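These are my notebook entries on one structure. I wrote down what I looked up and what I found.

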Amino acid sequence: GDYVNTPNTCVGCHQEDYDNSANPDHGAINIPTDCADCHTTEVGWQPASFDIHDDYYPLTGAHNTIMNECALCHNGDYVNTPNTCVGCHQEDYNNSVNPDHVELGIPQDCATCHTTNPEWMPASFDIHDDYYPLNGAHALIATQCAVCHNGDYVNTPNTCVGCHQDDFDGTINPDHGQAGFSSNCLDCHSEISWIPSSFSHDFYPLNGAHSNLDCNSCHSNGYVGTPNTCIGCHQTDFDGTTNPNHSTAGFPIDCLQCHTEDAWIPSSFDHDNMYFPIYSGKHDGEWTLCLECHIIPSDFSMFSCIDCHEHSNQSIVDDDHSDVPGYIYESNACFSCHPDGEK
């Protein structure tokens, strides 16, 4: 009955309706008091729209296509509707198989990897390093998932050889399988590239002078068939010896019997056990130079006994050996009967 100052706004008449709203509580979530933003004047305020939904939860991607299908998320109840991905998609998370998110402990914040596009694709995986660090050349293919996964993320290998078996099997210089190399590529290679590489040279210990050599010093012709014996690399050194001439003297070709790996000189020579006792027995302490017995410098296989002993008078020596069958007055004959230098 009073036509003065009658309200001409929605809330002017409907403040009580606004205040008493419960689904949702308009006041609690600060919905504007301009009822016409969402409601028509139809009975029961229905149907209603909610064009300001993005102010509360942005609807993008696949969510945007269901903007008018409120019941898909709300089902008539707008109180405590989840505002997190997993709040609505826990079942999707639990049922994932490629890969199994639960088994791998992938975070439940879907937005960490997924957009809101349909079918969750495309997806990223910025937390890849939490499962397998992508370093070096691997980091360059971080966005090319199919190179390693080929669309299947279940049971993807997490070892070098799991992906690089073909590389391992295809090696020829050297043949890794034939040489019994470790299949853990990181033992020798980095993730930047295959070359340069390092190598734990356990197949042939590198000691002394060998320890400072560059690989090409021994492997200049490749790694296949590289000798693993002294003479295999040092035949030229052996053949070129003159003091003494190792070949004509019949020296063993196992260099380590006389030499160390530090240097050729100084060297040792077990003359007693290999040829003739000059450090023990009658000759102990008497010899001074090799050439005292080995009178031909170029041929150490030749030696003289009679030049060192008092045998200058052959007639006396012949008389001393008159009862020796087959006696011959020469050094080799002496050695044949006196191999240890004793009478």
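Is C185 buried or exposed? I found C185 buried, because its relative accessible area is 12%. Buried means under 20% relative accessible area, exposed over 50%, and partly exposed in between, with a 1.4 Å probe and protein chains only.

**Entry 1: what kind of model**

I noted that this is a predicted model, in which local features need pLDDT of at least 70 and side-chain atom pairs count only at pLDDT 80 or more, while totals for chains, interfaces and linings use all residues. Residues are numbered from 1 along each chain as its sequence is written, and side-chain values use heavy atoms, with hydrogens and water left out.

I looked up the confidence next. The pLDDT is the predictor's confidence in each residue, from 0 to 100. The protein chain averages 87, and 96% of the residues score at least 70. Helix α1 (residues 10-20) has the highest confidence, at 95, and helix α12 (residues 331-337) the lowest, at a mean of 74. I kept one caution in mind: where pLDDT is low, the predicted coordinates should not be read in detail. Helices (H or I, at least four residues) and strands (E, at least two) are DSSP runs, numbered from the N terminus.

**Entry 2: cysteines**

I searched for disulfides, meaning pairs of cysteine sulfur atoms within 2.5 Å. The structure holds zero of them. C185 is in no disulfide, and the nearest cysteine sulfur, that of C160, is 4.3 Å away. I then checked C110. Its closest cysteine sulfur is in C85, at 4.4 Å, so the two are too far apart for a bond. C110 is buried too, because its relative accessible area is 11%.

Which residues of helix α8 are buried? In α8 (residues 230-239) I listed C230, I231 and F238. They sit on the same side of α8, because they cover an arc of only 55° around the axis. The arc is that of the directions from the helix axis to the C-beta atoms. The general rule I noted beside this is that an α-helix has 3.6 residues a turn, so residues three or four places apart point the same way.

I asked what covers these buried residues, and the cover includes α9 (246-249). Contact here means heavy atoms within 4.5 Å. Leaving aside neighbours within four places in sequence, I231 is in contact with F238, I253 and C255.

I231 and F238 also belong to the largest nonpolar core, which has five residues and includes A249, F251 and F300 as well. A nonpolar core is a set of buried Ala, Val, Leu, Ile, Met, Phe, Trp, Tyr and Cys residues joined through side-chain atoms within 4.5 Å. In soluble globular proteins, nonpolar side chains tend to be buried together.

**Entry 3: side chains that reach the backbone**

I looked for polar contacts, which are pairs of N or O atoms within 3.5 Å; within protein, one must be able to donate a hydrogen and the other to accept it, and residues adjacent in sequence count only if both atoms are side-chain atoms.

T241 lies in the loop between α8 and α9. T241 counts as buried because its relative accessibility is 17%. Its side chain reaches the backbone nitrogen of H246 at 2.8 Å. Beyond its neighbours within four places in sequence, T241 is in contact with H246 and S247.

H189 is in the loop between α6 (176-179) and α7 (215-219), and at 18% relative accessibility it counts as buried. The side chain of H189 reaches the backbone oxygen of W194 at 2.7 Å. With neighbours within four places in sequence left aside, the contacts of H189 are H176, W194 and S197.

D100 is in the loop between α2 (85-95) and α3 (101-104). At 27% relative accessibility, D100 counts as partly exposed. A polar atom of its side chain lies 2.9 Å from the backbone nitrogen of E103.

**Entry 4: backbone details**

I found a cis peptide bond between Q46 and P47, with omega about 0°. P47 lies in the loop between α1 and α2. Another cis peptide bond joins I265 and P266, again with omega about 0°. P266 is in the loop between α9 and α10 (271-274).

N30 is a residue other than glycine with a positive phi, near 60°, and N30 is exposed at 62% relative accessibility.
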